[in-house]
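Here are some notes for anyone opening this model for the first time.

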Amino acid sequence: MVKRRVHVAAAAMISADQKRVLIARRPSNVDQGGLWEFPGGKLAPYETGLEGLKRELHEELGVEIVRARPLIRVHHEYPDKHILLDVWQVQEFAGEPFGREGQAVRWVPMEELVNYPFPAANLPILRAVMLPTDYLITGEEADEERFDSLLERALSEDGVRLVQLRAKNLDEAAYIARAERALRLCRQYDAKLLLNGEPALLDAVDADGIHLTSARLMDLERRPIAENKWLSASTHDQKQLSQAAVLGCDFVTLSPLRTTPSHPEVAPLGWHDFQQLVERAGMPVFALGGMTRFDANHARAVGAQGIASIRDFWK
């Protein structure tokens with residue numbers, strides 16, 4: 001049976017304080033009625049994603065999009081159809097949204113989105129909405145005082161809100177001690193901290209999640225940590241992205257986009273192959289490998305959540 005292909009544009013409308021997102025409830029008389037969703041609708045054959053979204057938000061909510069950027073594209077298979085959700089983050093709009101078609105709409109704090117029932121196809125969007133666009137991977141530092149200073153500078157001056165603690169040169173005891181200090185700093189700046197190591201590290205340090213190396217990723221058969229913790233992984237190809245989806249990773253890094261000094265022998269993906277892999281990833285993807293903040297807009301334009309970097313944030 002050839003499935004219907006449905007192209008839908010959806011909006012993650014963010015409040016001015018950057019803390020709430022607008023969701024709408026599906027009417028009870030439609031497919032998956034009663035569930036909550038991000039507002040939007042089906043595209044006409046002649047429309048681009050943004051054109052269709054502008055029309056839908058005017059019709060559904062009575063607002064006009066002023067500024068928006070791509071957030072994530074999600075392909076989802078239902079028994080009878082293939083859905084492509086083309087999701088945009090609406091950063092600025094004119095008008096006060098209300099349910100012009102009688103639907104319930106609600107501004108919800110981002111951390112409370114998980115309390116609302118959504119269609120399965122919307123779940124990657126929730127993760128993308130709750131994640132920032134910059135992912136700091138900490139550098140190898142022997143001096144603990146210097147490490148703390150560099151981390152606090154990234155949190156306070158650069159506004160980093162997602163941190164991966166990478167420290168391959170430390171033994172377990174030293175890593176845990178560094179992680180405890182890093183967690184206190186991250187809590188101070190309302191940032192999330194992921195530990196790069198064995199999932200059992202969360203028994204010693206109550207961080208926000210675990211980042212899996214690609215080797216650990218491929219060795220696992222199921223998600224190794226609780227659903228209320230963030231799980232990310234390093235990926236380099238389609239096989240690893242597929243494994244990340246099987247494990248239920250919340251997001252991944254995909255690298256190397258460019259040749260890097262640390263791995264000069266590894267062939268870079270380049271923007272074209274990166275975009276092709278991201279299109280079918282089904283989860284937020286951070287571009288890694290030679291990335292700087294000057295690449296952030298380009299990365300998001302080809303589907304990335306944002307950029308991950310050591311050198312650009314750790315200095």
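1. Let's start with the record. UniProt, in an unreviewed entry, places the feature "domain: Nudix hydrolase" at residues 3-131. Keep in mind that what you are looking at is a predicted model. In it, the span 3-131 is 16% helix and 42% strand, and its end C-alpha atoms sit 32 Å apart.

2. Now the overall layout. The protein splits into domain 1, residues 4-118, and domain 2, residues 134-309. If you take the C-alpha centres of domain 1 and domain 2, they are 28 Å apart.

3. How many residues of each domain are in contact with the other? Nine from domain 1 are in contact with nine from domain 2. The size of an interface is often given as the accessible area lost when the parts come together. Here domain 1 and domain 2 bury about 730 Å² between them, and carbon and sulfur atoms give 44% of that. On the domain 1 side, Ile 72, Arg 73 and His 75 supply 51% of the area buried against domain 2, more than any other three residues.

4. What holds polar interest at this interface? The rule finds one salt bridge across the interface of domain 1 and domain 2. The side chains of Arg 73 and Glu 279 meet in a salt bridge, with N to O at 2.9 Å. The count of residue pairs in polar contact between domain 1 and domain 2 is three. As for the elements on the domain 1 side, strand 5 (64-77) and strand 6 (81-94) are those that give two or more residues. Strand 5 gives the most, with six residues. Sorted by class, that side of domain 1 has four nonpolar, two polar and three charged residues.

5. His 75 deserves a click of its own. This residue lies in strand 5. Leaving out residues up to four places away in sequence, His 75 touches His 82, Ile 83, Leu 84, Glu 279 and Arg 280. Two of these neighbours also meet the His 75 side chain in polar contacts: the side chain of His 82 at 2.9 Å, and that of Glu 279 at 2.7 Å.

6. One, from the unreviewed UniProt entry, covers Gly 40 and Glu 60. They span 21 residues in sequence, yet no two of their C-alpha atoms are more than 7.8 Å apart, so they gather at one spot. Gly 40 itself lies in strand 4, residues 40-42.

7. The other "binding site" feature in the unreviewed UniProt entry is placed at Arg 26, Glu 37, Phe 38, Pro 39, Gly 40 and Asn 122. These residues are spread over 97 residues of sequence, but they cluster in space, with a largest C-alpha distance of 12.7 Å.

8. Which residue does Arg 26 form a salt bridge with? The partner is Glu 37, and the closest N and O atoms are 2.8 Å apart. This pair links distant parts of the chain, 11 residues apart: Arg 26 is in the loop between strand 2 (20-25) and strand 3 (36-37), while Glu 37 is in strand 3. By the rule used here, the count of salt bridges comes to 25.

9. Finally, two backbone spots to check by eye. Most residues other than glycine have a negative phi, and most peptide bonds are trans. Gln 18 is not a glycine, but it has a positive phi of about 65 degrees. You will find Gln 18 in the loop between strand 1 (4-13) and strand 2. The peptide bond from Ser 255 to Pro 256 is cis, with omega near -10 degrees. Pro 256 has its place in the loop between strand 13 (251-254) and helix 7 (270-279).

Definitions and conventions. Residues numbered from 1 in each chain as written. Predicted model: local features only at pLDDT ≥ 70, side-chain atom pairs only at ≥ 80, totals over all residues. Heavy atoms only, no water. Domains from an automatic or database assignment. Contact = heavy atoms within 4.5 Å. Buried area = accessible area lost by both parts, 1.4 Å probe. Salt bridge = Lys/Arg side-chain N within 4 Å of Asp/Glu carboxyl O. Polar contact = N/O pair within 3.5 Å; in protein donor to acceptor, adjacent residues only side chain to side chain. Helix = DSSP H or I, 4+ residues; strand = E, 2+ residues; numbered from the N terminus. Nonpolar A, V, L, I, M, F, W, Y, C, P; charged D, E, K, R; others polar. UniProt positions renumbered as here; feature names shortened; annotations may be inferred.
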